[in-house]
Amino acid sequence: MSDIKLKGVTIVDTFAEAFPMVGTRVIITAPTAKWADIAARTMTGFATSVIACGAEGGIERTLSRSETYDGRPGVSVLLFTMSQSKLQTQLRDRVGQCVLTCPGTACFAGLPPKKGLKLGHSLRFFGDGWQMSKVLNGRRFWRVPVMDGEFVCEDRTGYTRDAVGGGNLLVVAKSHAGALAACERAVKAMAPMPDIITPFPGGIVRSGSKVGSKYKGQMASTNDAYCPTLKGAVKSELPMNAEAVLEIVIDGLTPEAIAKAMGAGIKAIVDGGTRDGVLRIAAGNYGGNLGPHHFHLKEVIA
Amino acid sequence: MSALTFELKQAPEEPLDLSALIPDRLAGMKAKDIAGLALPTLAGTASVGDYFKVTGKDAASLRFLGTTDRCDRIGAGSSEGEILVDGDAGAYLGAKFKGGTLEVTGNAAAYAGAAMSNGTIDIKGNVGERAGGLTVGEVHGMRGGRLFIGGNAGPYLAERMRRGLITVGGDAGEYAGARVVAGTILFQGKVGRNAGYGLKRGSLIFKKKPKQILPTYADCGVIEFTYLNLLERALKADGIKVRLGREAQRLMGDMAALGKGEMLILR
């Protein structure tokens, strides 16, 4: 172990262990940026972890009028699951319940739609026979009559099997406020980056987990080695002066995008130096035998 | 490589069938051999060289120069490459067209783009009757691709059209969009009587309100359509700049047929 120090913050010589996921992108547009945002937030609200949400999702970025297919303000959303069939179900249910229902919205493919996931292809049946198909430049769109006019939805969107879930940073600090401020800076730095999302509330998770539990049927339980209240009682990873640990989890369409985001996150944290009382930045892994993707902290800041 | 060019020597008195002169068939042939190909005419059989001066090499890029309305079936059945007609075209221009691009600087006679299934046909001038419509023995008319008409269109435009996009820069004759099964037609000028007669599905979009609307269309009022944004942008990508606006009066019909089609009259 050869940890390094940047501006007084220790970068632990460890790695984030991440897993292959199946990911997709959809573009939601609306008459105003506000309503595109509402639709996207609703669709990705309960999408922090596949453990119980079925999918991990978030807003990738907002899109200006010139960037969307229909010239209205938009938001691009990423959604990840562990298999293509689950992603299909999650996408249909989430777009069907959260975007179709949202005033004024339309939904378009965010990845090349050839042989992709069904989008309007399933949702058109809401039209009860009154839906219309329109093909423009090789892309099929459905116009479904709804009470505020028409819901326009592309037939399909693409997906990738190269997606990665579980890139992460653990920020250990002397105070809760310090850990939170540092993590907020990191999330802000990652927000504009393409192809990634941070699915947890505000991009930050406080209940990092380990695999398994003493209780039968509990798949994941608290990461006791990082709980400051248990420092003296368990084999702790924390120094005595650590009062809070927060984690940033990153899902991305490619491993490269995650590595870049982790690098940017670390930089944003250490740029604050020891002002916030950040002691060290570590990462979560399971010994390296479970996930094929290893993001070494030393490498992502290189 | 230079485009394979057919320059008409003098205006023919009889119709010529030029359907053999398409990129699919001419690939790899020399200009001299092409000039020797048989060319069916009403008077019998002549050779290509009797009517055209053939130059150039690249069969993926054909040029017809100085053609008249006697030059029938230009680009008919073609499935690849680009064809440019600098002049007028006769009947069946690009009929059963399967792919690639076909551009005409002048006018085209009847059946232009009839029963085409893919690719883009762009006619700067006027077209005769039944453009994008049926050819003899076909169940459906145009079933895919794009047909852009810069000028006026004759009667029975897009009869029994099944899929695809047609735009008419000028006026259209009577029975425009008759018995259309599906697809999209944009009329930028006026239309004649009985537009959309027997429409099952599909969209007839009018920049100008038709003088007469069939009584078998049901008025659904004026509504804002996101779809119009999509169409306007798709057309722009094809070099057709037209403002469609956001609102349109929607009429559903033809209720005497299936009635799942629509007229969108732009505001």
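Predicted model: local features only at pLDDT ≥ 70, side-chain atom pairs only at ≥ 80, totals over all residues.
How far apart are the mean positions of the positive and negative charges of chain B? They are 6 Å apart, for 35 positive and 28 negative charges, where Lys and Arg count as positive, Asp and Glu as negative, and His and the chain ends are not counted. The place of a charge is taken as NZ of Lys, CZ of Arg, CG of Asp or CD of Glu.

Residues are numbered from 1 along each chain as its sequence is written, chains are lettered from A and ligands numbered from 1 in the order in which they are written, and side-chain values use heavy atoms, with hydrogens and water left out.

Let me stay with chain B, which has 4 helices and 17 strands; these are DSSP runs, H or I of at least four residues for helices and E of at least two for strands, numbered from the N terminus. Its C-alpha trace spans about 60 × 35 × 25 Å along the principal axes, and 55% of its 267 residues are buried, meaning under 20% relative accessible area with a 1.4 Å probe and protein chains only. Among contacts (heavy atoms within 4.5 Å) between residues of chain B at least 6 apart in sequence, 41% join residues at least 24 apart.

Turning to chain A, we find 6 helices and 18 strands. Its C-alpha atoms fill a box of roughly 65 × 45 × 30 Å along the principal axes, and 54% of its 302 residues count as buried. For contacts in chain A between residues at least 6 apart in sequence, the share that joins residues at least 24 apart is 74%. Chain A carries 35 positive and 26 negative side chains, and the centres of these two sets lie 2 Å apart.

Finally, the cysteines. How many disulfides does the structure hold over all chains? There are 0, a disulfide being a pair of cysteine sulfur atoms within 2.5 Å. Cys107(A) is in no disulfide, and the nearest cysteine sulfur, that of Cys153(A), is 4.8 Å away; Cys107(A) is also buried, at 0% relative accessibility. For Cys53(A), the closest cysteine sulfur belongs to Cys98(A) and lies 12 Å away, which is too far for a bond, and Cys53(A) is itself buried, with a relative accessible area of 10%.

Technical notes: Buried < 20%, exposed > 50% of the residue type's maximum accessible area, 1.4 Å probe, protein only.
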